[in-house]
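The exercises below are meant to be worked with the sequence and the 3D view side by side. Each task is followed by a solution that goes step by step.

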Amino acid sequence: MARFKIKINLLSKMIFLISIVVLLCMSIAVMIFSNMVEDIIDEKLGKQALMVAKLAAHEPRIIEAFSHANPSRTIQPIAEEIRELTGAGYVVIGNRDNIRYSHHLVEEIGRKMGTSNEEVFEQNRSIVFQGTGLSGPAIKAKTPIYDAQGQLIGVSSVGFLLEQIETQVMEYIYKVMYLAALPLLLGGVGAYFVAKSVKRMIFGLEPEEISYIFKEKEAVLESIHDAILAVDTQGRIVSMNKKAREHLELSQIEITLIEHLPFPYLRAALHESLGHEQDQKNLKVLVRDQIFIMDSSPIFYKSRLTGTVFSFRPVSEIEQLTEEFAKIKTFSDNMRAQNHEYLNKLNLIYGLLKINQTDKAIELISEEVNERQDLLAFLMESVKDPLIAACLLGKANRSKELKVHFEIDQESELLNIPGSFDSSTFITILGNIIDNALEASSGEQGSEARVKVSFTDIGKDIIFDIDDNGRGVSPEEEQKIFQYGYTTKNYGHNHGIGLSLVQNAVHLLDGQLHVGDSDLGGARFTVIIPKKVA
């Protein structure tokens, strides 16, 4: 036979469990109260039984009746009167021989009492106890009876039947249960609304659905090749994937503040992006001697900013995966720059031909061809590394766009570069420094801007000098310009990271970087990189 499994949703489970808890609490409270009531009643009835027994023992008519020929005739009516007035189960008067003189069952008069009186007669004291007699289980009290001369002549025994006590206790319990019904009802209603509220907070999902979504999210995060890091508004790291743990040197369950991360460039970038209500794209940061591209996206909950998600992509991996694209992009940029320059020259040649200045046109064409051929020939002969040669050619074309006179020292030579040399990292250094020189000189000198590059590989090092005629670098700025985020530019965005990346790349290549004054009137950057990089 097929087994049918009843599936109970979270709302029903919560209502049921909360109701059970309330019911158990109320039941325990009723039980404790019942026990307390029983103890109180037992103690109270014990005292009351003793008081009634002493009342009968000190009744003059009962004491006097002991001297009569038939004591029970006088004692029985008085004992029954006392029993009815006090609500006792029985009031028994007995003599020294344990013979009853009174009992609510008349046929028992004259017979021996059902319980022993030795303790009363031998110790001459009153006792209270619980026992079973002729009338059944009861709380009993016995006290001695003395005559006028102080002689012990009998015993007064009073009992309150447990049946009476249980009836009284149940009356109290019923009252308590009636009172407990209201909190139980309120608890059930409260359980329903609490469960509904919790259900809304978890978007109406069942536990297994939440578990699946959590596992799904975890699997998605771990499968992403980029490093993913989630930070709340207080700067606490609340989530990360495997790649982030590897790069940030954090354990799987560690929750920490970004202030405690041992990477100053990363801390600065995270602080700068934290709290932004707009996405931040393509920010360069330094982590563990490696450059990353960082993106950030704010997290909103009910229109309130609650945190930020950061993603990191290693620049080295991007370069490796997009090497072919980068070559095409470089070629495209060079072609664009050349096309722009050639269009200008073609327009000039066209104008000269239109006004019949053929000689001038031929002279201009010869100069352009010679200049281009000279530069290409020089780079092909003097620079054996194709990436460095392409970088220098690209910067030469870029200089034409900016109207900057770009000069490469004709005595420069770069022929003995070992195969292990990291040209990709070196291009980061060279490209950023030349770009800064072109912009600095163009912004300061306009059409008179000049940049000169010279290099050599004689000896154990590769040395590059980049000179410009910009405003130069003051002694106060020499240390600041390498700080992450520092910039003198007041336009655009994502500035202040070029020279910090340069310094990091120089460190990776075990090189040196010096800043000084140029003979051109601006700044000179000297890069020294050992040929054999560990």
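**Exercise 1. Decide whether Asn117 is buried or exposed, and find what surrounds Asn117.**

Step 1. Asn117 counts as buried because its relative accessibility is 1%, where buried means under 20% relative accessible area, exposed means over 50%, and partly exposed lies in between, with a 1.4 Å probe and protein chains only. The model is a predicted one, in which local features need pLDDT of at least 70 and side-chain atom pairs count only at pLDDT 80 or more, whereas totals for chains, interfaces and linings use all residues. Residues are numbered from 1 along each chain as its sequence is written, and side-chain values use heavy atoms, with hydrogens and water left out.

Step 2. Asn117 sits in the loop between S1 and helix H4 (118-123); helices (H or I, at least four residues) and strands (E, at least two) are DSSP runs, numbered from the N terminus.

Step 3. Setting aside residues up to four places away in sequence, Asn117 touches Asn98, Lys142 and Val155, a contact being heavy atoms within 4.5 Å.

Step 4. With Lys142 there is also a polar contact, side chain to side chain, at 2.6 Å. Such a contact is a pair of N or O atoms within 3.5 Å; within protein, one must be able to donate a hydrogen and the other to accept it, and residues adjacent in sequence count only if both atoms are side-chain atoms.

**Exercise 2. Describe the largest cavity and the residues of its lining.**

Step 1. The structure holds two cavities of 30 Å³ or more. On a 1 Å grid over the protein atoms alone, a cavity is a set of points where a 1.4 Å probe fits but cannot get out, and lining residues have an atom within 4 Å of a point.

Step 2. The volume of the largest cavity is about 130 Å³, and among its 13 lining residues the closest to the centre are Tyr90, Arg100, Gly114, Thr115 and Lys140. Grid points are joined across faces, edges and corners, and a volume is the space filled by probe spheres set on the points.

Step 3. At least two lining residues come from each of strand S1 (90-95) and strand S3 (136-146).

Step 4. Sorted by class, the lining has four nonpolar, six polar and three charged residues; Ala, Val, Leu, Ile, Met, Phe, Trp, Tyr, Cys and Pro count as nonpolar, Asp, Glu, Lys and Arg as charged, and the others, Gly among them, as polar.

**Exercise 3. Place Asp385 in the chain and follow its side chain.**

Step 1. Asp385 lies in the loop between helix H11 (358-382) and H12, and at 12% relative accessibility Asp385 is buried.

Step 2. Its side chain reaches the backbone nitrogen of Leu387 at 2.9 Å, while Ile417 and Ser423 are touched by Asp385 when residues up to four places away in sequence are not counted.

**Exercise 4. Which residues are in contact with Lys281, and which with Glu222?**

Step 1. Lys281 belongs to strand S7 (residues 280-287) and, with a relative accessible area of 51%, is exposed. Beyond its neighbours within four places in sequence, Lys281 is in contact with Met294 and Asp295. Ser311, 30 residues away from Lys281 in sequence, lies 9.8 Å away in space, C-alpha to C-alpha.

Step 2. Glu222 is part of helix H6 (residues 207-223) and is partly exposed, with a relative accessible area of 31%. Leaving out neighbours within four places, Glu222 is in contact with Met240, Asn241, Lys242 and Arg245. The C-alpha atoms of Glu222 and Lys243 are 7.7 Å apart, although 21 residues separate the two along the chain.

Conventions: On a 1 Å grid over the protein atoms alone, a cavity is a set of points where a 1.4 Å probe fits but cannot get out, and a pocket is an open set with protein on both sides within 12 Å along at least five of seven lines; lining residues have an atom within 4 Å of a point.
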